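Here are my notes for a colleague who is opening this model for the first time. Please keep the viewer open while reading.

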Amino acid sequence: MDGDGDGAVAAAELRGWLLRTRGRARAEELQRGRERYDRNGDGAVSWDEYRGEAYGNPEDGFGDGADPAAYGALLARDRRRFEAADRDGDGVATGPELEAFLHPEDFEHMRDIVLKV
C-alpha cells in the first residue's frame, strides 16, 4: 500500500491499492463465473447455460420444496438482467456482457435493471 515507501499510507495510495485489489478480485470472480456457467466450453454463456446451472432443470421443477412463485420471480429478474447485458442481442454473454450480467451495478446501461423492483 505504501507506494512511495515513506512509512505512511496516503489517501491516494490507499485508493489505488483498493482499486487494484478490487480489480484483481473482480477478474478472478469473472473467471470463476465463466468457468461455472459456460457449460459447453465455447467461451460464451447462453441463457440456457446460466439458467441450468443457477436454477436447475425446469423439467424437474427447479428442485424439490422450492417456492414456485419465488423461483419464477427470481428467474424472470435474471432473464431481464441477461437480456439487458446482451448488448448485441446474439443470445450469449461474453467478456463485458458477462461482466455486466454478473455485476450490473457497475454498468450505466444496467442501472434500470438494478433499480427495478
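**Notes on the helices and their contacts**

1. Start with α1. The cover over the buried residues of α1 includes β1, α2 and α4. Contact here means heavy atoms within 4.5 Å. Helices (H or I, at least four residues) and strands (E, at least two) are DSSP runs, numbered from the N terminus. Buried means under 20% relative accessible area, exposed over 50%, and partly exposed in between, with a 1.4 Å probe and protein chains only. The buried residues of α1 are Glu13, Gly16, Arg26, Leu30, Gly33 and Tyr37.

2. A word on the basis. This is a predicted model, where local features need pLDDT of at least 70 and side-chain atom pairs count only at pLDDT 80 or more, while totals for chains, interfaces and linings use all residues. Residues are numbered from 1 along each chain as its sequence is written, and side-chain values use heavy atoms, with hydrogens and water left out.

3. Check the length of α1. The helix has 27 residues and should span 39 Å at 1.5 Å a residue; its end C-alpha atoms are 38 Å apart, which agrees. The expected span is 1.5 Å times one less than the number of residues.

4. Look at arginine 26. This residue belongs to α1, which runs over residues 11-37. Arginine 26 is buried, at 13% relative accessible area. What does arginine 26 touch, not counting residues up to four places away in sequence? The partners are Glu99, His103, Glu105 and Asp106.

5. Follow that to histidine 103. The residue sits in the loop between α4 and α5. Its relative accessibility is 7%, so histidine 103 counts as buried. Residues up to four places away in sequence aside, histidine 103 touches Arg26 and Glu29.

6. Arginine 34 is also in α1. Is arginine 34 buried, partly exposed or exposed? Its relative accessibility is 21%, so arginine 34 counts as partly exposed.

7. Move to α4. Glu97, Leu98, Ala100 and Phe101 are buried in α4. Seen down the axis, these residues fall within an arc of 160 degrees, so they line one face of the helix. The arc is that of the directions from the helix axis to the C-beta atoms. The packing partners of these buried residues are α1, β1, α2, α3 and β2.

8. Next is α3, residues 68-85. This helix has 18 residues and reaches 25 Å from first C-alpha to last, close to the 26 Å expected at 1.5 Å a residue. Its buried residues are Leu75, Asp78, Arg81, Phe82 and Ala85. They cover an arc of only 125 degrees around the axis, which puts them on the same side of α3. They pack against β1 (45-46), α2 (47-55), β2 (92-93), α4 (95-102) and α5 (111-115).

9. How do α3 and α4 meet? Their axes come within 8 Å and cross at roughly 150 degrees. That makes α3 roughly antiparallel to α4. Axes are lines fitted to C-alpha atoms, for helices over the stretch in contact, and angles run from 0 to 180 degrees between N-to-C directions. Angles under 35 degrees count as roughly parallel, over 145 as roughly antiparallel, 65 to 115 as roughly perpendicular and the rest as oblique. The crossing of α3 and α4 is right-handed. A crossing is right-handed if the near helix is turned clockwise from the far one by less than a right angle, and left-handed if anticlockwise. Asp78, Arg81, Phe82 and Ala85 of α3 meet Glu97, Ala100 and Phe101 of α4.

10. Compare the α2 and α3 pair. Their axes are 11 Å apart and pack at an angle of about 145 degrees. This crossing is right-handed. From α2, the residues in contact are Trp47, Tyr50, Arg51 and Tyr55. From α3, they include Tyr71, Leu74, Leu75 and Arg77.

11. Finish with two exposed residues. Aspartate 88 is in the loop between α3 and β2, and is exposed at 51% relative accessibility. Leucine 115 lies in α5, and is exposed at 65% relative accessible area.
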